[in-house]
Amino acid sequence: MFYTFAPMEGITNSIFRRTHARYFPGTDRYAAPFLAPDGQGRIKSAALLDLDPERNGGIPLLPQILCNSAGAFLALSRELAAMGYTEVNLNAGCPSGTVVPKHKGAGMLLDLRSLDAFLNEVFAHSRLRVSVKSRLGLESTAEFPAILEIYNRYPLSELILHARGRNGLYQSRPDLKAFAAAFLSSRAPLCYNGNILSPAHRDRVLAAVPDLERLMPGRGAVADPALIRQLRGGAPLEAQELSAFLEELFAANLAAGIGEYHSLGRMKEIWYYCGHLFPGAQRELKRLNKARSAGDYRAAAAALFASGRFDPRARFPGELPE
Ligand SMILES: Cc1cc2nc3c(=O)[nH]c(=O)nc-3n(C[C@H](O)[C@H](O)[C@H](O)COP(=O)(O)O)c2cc1C
């Protein structure tokens, strides 16, 4: 099985990826959160720097672009090629209310003729391999056969499917039937994404699509950074390694010059997910969320680990794919 860590904007940046790869080796590839260029394909230099291979400790990384202009996509792809990348991913899945109305992200699925024209131009000129990360539709996963017909016209290096429609945001039950049907008719190799939160969730996906070779966990792997190791048959997460990993992440943010306030904000976002490993520790989690200084934060994290509530079987909540 080939495991790609899902892109999560605001969370899985280079500091996270580098630290995760060191503490929890065994992830085949990390997908970077989207770059959103302007109409000319320009982007803030800090965003590109986050993809600098040196900053990423040499880990395999898949860059992603969110835009609906083929010219901008191609221009930014050329910059990525100059950095050494050989593949780029198109975001056709972001469900945000500020993105979709602009026909970007999952909004690319609003008008299939425009999607076709975009891909036509990109594939005519791209020197990089191009993959797509897509939802199964906007209002319903029943839209996917028509969408797949468009994708199948082009030699996508991979099609990563978040097995929900845009309307399901991150909550609805992933639609395994629709994914399994796509698996049979996709020209590109398929990667499954959506609610791989535990080995049981993974088993449900593999029961429906036994020949599947690519999986992409996201929130489940932030909530439990040892998830991929466990999916490979390795040991479950230990409190001590989680504690060391999170402390190193915090220290690395501070060392990178991210101010205390923003570093704390980043850690609180991660704790939103991995706090689920501490069932019943609401009081301690609240204290952590209120921390306003590095000292308060470290004391609150220490209290959480001392609470005795750590349970590696506890999970970020989410239904089994259906
Ligand atoms: C906070 C957050 C940020 C995300 N950022 C991105 C992104 O930059 N690019 C992308 O393709 N998907 C993004 N996603 C979607 C995830 O990659 C993934 O498709 C989704 O969370 C479903 O997988 P999961 O159930 O394993 O988390 C984001 C999701 C969340 C919750």
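The following legends describe close-up views of a predicted model. Local features require pLDDT of at least 70 and side-chain atom pairs pLDDT 80 or more, whereas totals for chains, interfaces and linings use all residues. Residues are numbered from 1 along each chain as its sequence is written, and side-chain values use heavy atoms, with hydrogens and water left out.

**View A. Residues around the ligand.** The ligand is surrounded by 18 residues, each with a heavy atom within 4 Å of it. Pro7, Gln64, Asn193, Asn195 and Arg219 are the closest. Eight nonpolar, seven polar and three charged residues make up this shell; Ala, Val, Leu, Ile, Met, Phe, Trp, Tyr, Cys and Pro count as nonpolar, Asp, Glu, Lys and Arg as charged, and the others, Gly among them, as polar.

View B. Oxygen atoms of the ligand lie 2.8 Å from a polar side-chain atom of Gln64 and 3.4 Å from one of Asn91. For Asn195, a polar backbone atom is 2.7 Å from a ligand oxygen atom. Of the 610 Å² of accessible area that the ligand has on its own, the protein covers 90% (Shrake-Rupley method, 1.4 Å probe).

**View C. Lining of the largest cavity.** A cavity is a set of points on a 1 Å grid over the protein atoms alone where a 1.4 Å probe fits but cannot get out; lining residues have an atom within 4 Å of a point. The lining comprises Gly10, Ile11, Asn13, Ile15, Phe16, Leu249, Asn253, Arg266 and Ile270. Because domain 1 (2-227) and domain 2 (239-306) both contribute lining residues, the largest cavity lies between them; the domain bounds come from an automatic or database domain assignment.

Notes
Polar contact = N/O pair within 3.5 Å; in protein donor to acceptor, adjacent residues only side chain to side chain. 1 Å grid on protein atoms, 1.4 Å probe; cavity = no way out; pocket = protein on both sides within 12 Å on 5 of 7 lines; lining within 4 Å.
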